[in-house]
Amino acid sequence: MNMGVARQTAFLALAAHLAQQGYTFVCPTPESQARVVQQRSGEHCTTLADFFGWSLPADEKTLITLLPLALLDQLRVASIVTAERDGLSKANFRLSNFYLPHIGDSETVRRNSLYYIHSAFPTKDDDAVFFGPDTYFFLDFLDRASSHLSRKTPTTVVDLCCGSGAGAIHVSHAYPGSTVLGLDLNPRALGLGRINAVLAECHVDFVESNLYSAISSRTDIDLIMSNPPYIASSADGDIPVYAAGGAQQGLALPLRIVEEGVKLLAKNGLLMMYTGVPISYRRPGHDPFLERLEALQDMELLEYRIIHPDMWAEEVGKGAYAEVGRIQVVGAVLRKRG
Ligand SMILES: C[S@@+](CC[C@H](N)C(=O)[O-])C[C@H]1O[C@@H](n2cnc3c(N)ncnc32)[C@H](O)[C@@H]1O
């Protein structure tokens, strides 16, 4: 069995075990997770959520009470669980839910029961696969923005910068008749996206692509959606390379996604953009992203909403954000003019 197949088989077995044990983990911000990990430093895991959620180390005695031996072997062969020093092991991945599985109607319960696999904490590696509060807000935004779709089912949908595939999977469930494409620069994200789609029992094509490079000749996309990196690169290299939104205080990449995306859209096609916008403390009423969207000739701005007024507060006031008062997260819906 090759590594990819072994890993997928092991993840499926793990997800089945976690579901049977009633495992739930709602992924917090890195700051909240760091606080919990710090408070519990020196402690070992006692629960599945400690191990596959909080990324705490486990000793052998605990692991064999949490996982059947055959499953533990499978996880080790697939490098999902690896040995650390002092007889401890760690999980190299987290599995998270969308909200609490038992709230809401049956479709919501089904959706929230799904597990999404992403990188363990801390996500310091350059090719870490992200999933967190932005992902939750992004999916909520997509749900609300779907009211702008004139046809019930878009034929072709692209989730650009798809990461773990949460947006693409969500849309594939909402529009089972659509062809959904998840694009990302990071092969590790694409690999996990494929497994997450299998876990969610839906079909998404995951393709490696630097922005739209893999589909640059298309002009038939009905819907492009994106939650791209939007945090400015830091001088001390503290931000993993795949997480950096680049120049203009992180606005460069989101702006390229809008400006280059219009060429790929079908007539009246929609672009749903979730991103962070640096707001200068000197001009608290000025939104540089909105200003650029309003100036576009070939796109009509249908909706612009503030989703979070002050996200990633720990980044503000230093480095590229020295003059920034807050980072405002917004959701924009644009339509290609006919
Ligand atoms: C902040 S994560 C968001 C992931 C996902 N959209 C979500 O909501 O969970 C941003 C993703 O963009 C990807 N990315 C960064 N630069 C990219 C580029 N130039 N082209 C394609 N993907 C890129 C990263 O690899 C990462 O998976």
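The model is predicted, and local features need pLDDT of at least 70, side-chain atom pairs count only at pLDDT 80 or more, while totals for chains, interfaces and linings use all residues. Residues are numbered from 1 along each chain as its sequence is written.

The chain is divided into domain 1 (3–119) and domain 2 (133–336), with bounds that come from an automatic or database domain assignment. The C-alpha centres of these two domains lie 28 Å apart, and their contact takes 13 residues from domain 1 and 13 residues from domain 2, where two residues are in contact if their C-beta atoms, placed from the backbone, lie within 7 Å. On the side of domain 1 that touches domain 2, α1 (3–20) and β5 (116–119) each supply at least two residues, and α1 gives the most, with four residues. Helices (H or I, at least four residues) and strands (E, at least two) are DSSP runs, numbered from the N terminus.

Turning to the strands, an open sheet is formed by three of them in the order β1-β3-β2, with antiparallel pairing; two strands pair if DSSP finds at least two bridges between them. The edge strands, β1 (58–59) and β2 (81–83), each pair on one side only. Between β1 and β3 (residues 88–91) there are two bridges, and D59 has L88 in β3 as its bridge partner.

Elsewhere, strand β9 (residues 221–226) runs parallel to β6 (residues 156–160), joined to it by four bridges, with L160 opposite S226. Strand β9 also pairs in the parallel sense with β10 (residues 265–280) over five bridges, and there L223 has L270 as its bridge partner.
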